[in-house]
Structures are given as C-alpha cells and as structure tokens.
Amino acid sequence: MSKKKKTTLRVMPENWLDPVDFKSEFLHPEYPFEVDIGSGKGRFLVARSGAFPQTNFLGIERFMGRIHSSGRRCERAGRENVRMFRMEGYYAISQMMPANYVANYYFFFPDPWPKARHHDYRLFNPSFMDALFKTLEVGGGLHVATDHLPYYEEIHELLQKDGRFEETAAFQPNDEERTDFELIFSHKEIGRCSFKKCV
Ligand SMILES: C[S@@+](CC[C@H](N)C(=O)[O-])C[C@H]1O[C@@H](n2cnc3c(N)ncnc32)[C@H](O)[C@@H]1O
C-alpha cells in the first residue's frame, strides 16, 4: 500500500447520481468557478489559483494518483481555492455539473486517442458540446490547447460550427501556467483556441 499522503482537497459527494453543488466545497462559494478537465499533475491549477486567489478552481481527473499528487502540490503552495474531483470528465460535466454554473473550462492536452479505431474515446463530440453549453454561464469560456493538430482541428471545427459558441482570442498561458504536458511538447506546434457561450 502507498505511504504517500492523500490530498485533503478531494471532493467526495454524498450522492454521485445527481448534480453536485461544487461551489459549496470552497471557503468562498461566491467566487467565480473554473474547471480544469484532465488536470493531470496540476501545474496549471497551482499557478492559476495563486495568481487568482478570488477565483475557485476544480480539477477533474480520472486517475487517483494524479488527484492526490496535484492536490498535494496545491496544499504545499497553501492554495485554499482549489478542489480536486476524481471522475470521468464526460460524466462529471453531463450529469454532475449544475446548469449555468461554470465561468471557464480549461482543456489542456486532452488525450488525443490517435488511432482511428479509438476516436470514439475522445472527449469532444456533439453530446459533450451540449453538456458544456448547459453548464457554462452565459459569456463563460472554453479554452483548449493540444499538440495533436488533427484533434485540435476537429475540436476547433466542432466549436466553430456550433452557433451557441463564439470564438474569442485564444487563451495564452504565461510561463508558470504552462502545463506539465505543454513543457514536454514545447518543441512542437501547439493548437490553441478559446470560445465563449454566446446565448
Ligand atoms: C495528456 S494528459 C494532460 C494533463 C494536463 N492537462 C497537462 O496538460 O499536463 C491528459 C489527462 O487527462 C486525463 N483524462 C483523460 N481522459 C479523461 C476523462 N475522460 N476524464 C477525466 N480525465 C481524463 C488523463 O488521466 C490525463 O491526466
């Protein structure tokens, strides 16, 4: 059994079948609420939450080890405005996120599933768009970055053709906010786009 300390920032809902009031898990539920999906080892979360202490951040990640390691990273940095949620991203957004609730979603280096026979496993598809639309506040943002340019083109086209979203200037992370995967792929071209919910 692992002797590593577990994070205390993990959200554990009483009911896993209905929407969860994630904001009530924070010391200041009234702050804007932002979500990093597939938050990985948490480099973006720890940097962004430090730069914006009056915004609450939820990291959603399916791997328990990454929930604990990124949670500990935020705890060591003294972040009170971060919580971690271990859940599959589509289920979390489509079934557990309340409607009109999220100020910004970040999708950084989502798994590209490069083989054609695995494309169904990709997170972005029309029903995921519906879940994002339902849960974003009006004017809320979606920010995507990936080194996998074919997947980038697919996501960009899905969003561009969806009249419920409007393209905005792409989110550009500063050096501290670059994710662990972005550092690994820093030699490659990165596709970035941002959209906002416009209705
Ligand atoms: C390529 S890594 C990127 C991690 C981080 N965003 C970064 O840029 O360093 C993709 C992450 O998303 C998580 N992930 C992939 N599919 C997911 C899903 N459907 N639900 C939740 N997490 C997912 C993986 O476990 C992994 O940590």
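Helix α6 gives the most residues to the shell around the ligand, three of them. Helices here are DSSP runs of H or I with at least four residues, strands are runs of E with at least two, and both are numbered from the N terminus. In total 19 residues surround the ligand, and the closest are Gly38, Gly40, Gly89, Thr179 and Phe181; a residue counts as near when its C-beta atom, placed from the backbone, lies within 6 Å. Two or more shell residues come from each of β2, α3 (89-96) and α6 (180-184).

Here is how the shell splits by residue type. Ala, Val, Leu, Ile, Met, Phe, Trp, Tyr, Cys and Pro count as nonpolar, Asp, Glu, Lys and Arg as charged, and the others, Gly among them, as polar.

| Type | Residues in the ligand shell |
|---|---|
| Nonpolar | seven |
| Polar | five |
| Charged | seven |

A word on provenance: this is a predicted model, with local features needing pLDDT of at least 70 and side-chain atom pairs pLDDT 80 or more, while totals for chains, interfaces and linings use all residues. Residues are numbered from 1 along each chain as its sequence is written.

Now the overall layout. The chain has six helices and seven strands, and reading along the sequence gives β-α-β-α-β-α-β-α-β-α-β-α-β. The C-alpha trace spans about 45 × 40 × 35 Å along its principal axes.

On to the inside. Beyond its neighbours within four places in sequence, Leu142 is in contact (C-beta atoms, placed from the backbone, within 7 Å) with residues including Tyr105, Phe165 and Phe195.

Finally, helix α2. Its buried residues are Ile67, His68, Ser70, Gly71 and Cys74, and they pack against α1 (43-51), β2 (56-61) and β3 (82-86). Gly78 follows α2, with a positive phi near 75°.

Note on methods: A residue is buried if 20 or more other C-beta atoms lie within 10 Å of its own, exposed if 12 or fewer, and partly exposed in between; C-beta atoms are placed from the backbone. Two residues are in contact if their C-beta atoms, placed from the backbone, lie within 7 Å.
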